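Subject: Structure handover

Hello,

Here is the structure we talked about handing over. Please load it before reading on.

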Amino acid sequence: MAKRDYYEVLGIDKNADAGTIKKAYRKLAMKYHPDKNQDDKEAEEKFKEASEAYEVLSDPEKKQRYDQYGHAGLEGAFGQGGFSWSDFTHAGDFSDLFGDMGSIFDSLFGGGGFGGRTRSQGRNNRGEDLQIEISLNLKEISKGVEKKIKINIKDTCPTCNGSGSADGKVTTCSQCGGSGQVRQMRRSLFGNIQTVAECPACRGEGRIIENKCKKCHGDGRAAHLKEINIKIPAGVEEGQYIRLRGQGNSGTKGAPAGDILVMIREKEDDTFDRDGKDLYMKFPISFSQAVLGTELDIPIINGKIKMKVPAGTQTGKQFRLRGQGMPVVNSSYIGDLYVTVYIVTPTKLSKKEEELIRELAELDKDKVYSPKKSFVEKLKNYFF
């Protein structure tokens, strides 16, 4: 199925700035997060779709290529280096892209594409990538953390040493001669054309195992539980990932192992809201503190800090505490903490408090407060 437009996925227009893109993604990530939608495949797909859209649109270079060429611009077809055949041969032979015409290319260039690899060699031999998720709180993210996790991984089978054979006997496929491919003559508009296909006898392996290893069933790899250490730098964000190269499933026939992708999940915090490097919070103050001014103990990620509130502070006033936000990955820069104060109206009063409030009300009864006029209203009064 064709991919949806990334702007449509995030529900934004093409003129959206970086902040709007991030907010749209965070909203969808919170809604469709796997932790909140367990066993919900539709939510999982929507989460992946939103993450992919954000990864492209939050990167200026990728966004520019996408805006100019659409999805094709991200597949290597219109990159900075121009049209590249190698971008396609990695995924398989040319028949994936051009149908019968792909078979022509295979025949002309030795059956392995320009990269010299058969379809089965390019696709099946390299080990599979694995994906895991790690949930972190803001304190862990602010300092960076090292995690130990256990993961099921396929590695060289200890019983058959990777041969896949119980008795060590492996014979070359007689139908393809060990190449994993068979050539066939096909008729087309261009006449008789020789095509290359995967050998049906050995399924592209080029070998036949009569007595398969009981532990790995002929695959040459067996699953086992492996413990790995993951160093997570300070400042990572929801949706980012760390690639552990060569630590995924082992390859076959000496091919390289796959990777492990560590997806970052950020736990909700009871105190702070995060927007990139900056943190936001609301802090309650009393009427008397707002009127007379005060000094507050404001919580930060790793402790508390003093903050002065001047006399006459209005509810909704925002204060900026520099350097009390989150670090930026691979940088010495640290964001800020924005504290918005709001006045709490008490629902219960002691007898003494009620007497004082009534006394204050008596003093205020002759005062008249009117809402401030907006700039537009002032213009109307001036001209009309």
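Below are the findings on cores, salt bridges and aromatic contacts. Please keep in mind that the model is predicted.

Cores first. The largest nonpolar core holds 36 residues. I230, I298, M307 and L337 have the most contacts inside it. Take L337 as an example. Beyond its neighbours within four places in sequence, L337 touches residues including F272, L279, M281, I298, I300, F319 and L321. Its contacts also include P299, R320, Q324 and G325.

Next, charges. The whole structure contains 21 salt bridges.

- E44 and K48: the closest N and O atoms are 3.2 Å apart. Both residues sit in helix α3 (residues 41–57), 4 residues apart, which means about one helical turn between them. E44 is partly exposed at 27% relative accessible area. K48 is partly exposed too, at 41%.
- D278 and K277: the closest N and O atoms are 3.9 Å apart. D278 is buried, with 11% relative accessible area. K277 is partly exposed at 32%.
- K306 and D297: here the closest N and O atoms are 2.8 Å apart. D297 is partly exposed, at 39%.
- Salt bridges also link R126, D129, R243, R245 and D259 in a network.

Now the rings. The count is 4 aromatic pairs. Y6 and Y66 make a tilted pair, 4.7 Å centre to centre with 35° between the planes. Y6 is in helix α1 (residues 6–10) and Y66 in helix α4 (residues 60–69), so this pair ties together parts 60 residues apart in sequence. Both Y6 and Y66 are buried.

Y280 and Y338 are stacked, at 5.0 Å centre to centre and 15° between the planes. Y280 belongs to strand β11 (residues 278–285) and Y338 to strand β15 (residues 337–343), so the pair ties together parts 58 residues apart in sequence. Y280 is partly exposed at 31% relative accessible area, whereas Y338 is buried at 15%.

Two further items on rings. Y6, Y7 and Y66 form one aromatic cluster. K317 lies over the face of F319, 5.9 Å from the ring centre. F319 is also one of the contacts of L337.

Best wishes

Terms used. Residues numbered from 1 in each chain as written. Predicted model: local features only at pLDDT ≥ 70, side-chain atom pairs only at ≥ 80, totals over all residues. Heavy atoms only, no water. Core = buried A, V, L, I, M, F, W, Y, C linked by side-chain atoms within 4.5 Å. Buried < 20%, exposed > 50% of the residue type's maximum accessible area, 1.4 Å probe, protein only. Contact = heavy atoms within 4.5 Å. Salt bridge = Lys/Arg side-chain N within 4 Å of Asp/Glu carboxyl O. Helix = DSSP H or I, 4+ residues; strand = E, 2+ residues; numbered from the N terminus. Phe/Tyr/Trp six-rings, centres within 6.5 Å; stacked < 30°, edge-to-face > 60°. Lys NZ or Arg CZ within 6 Å of the ring centre and 35° of its normal.
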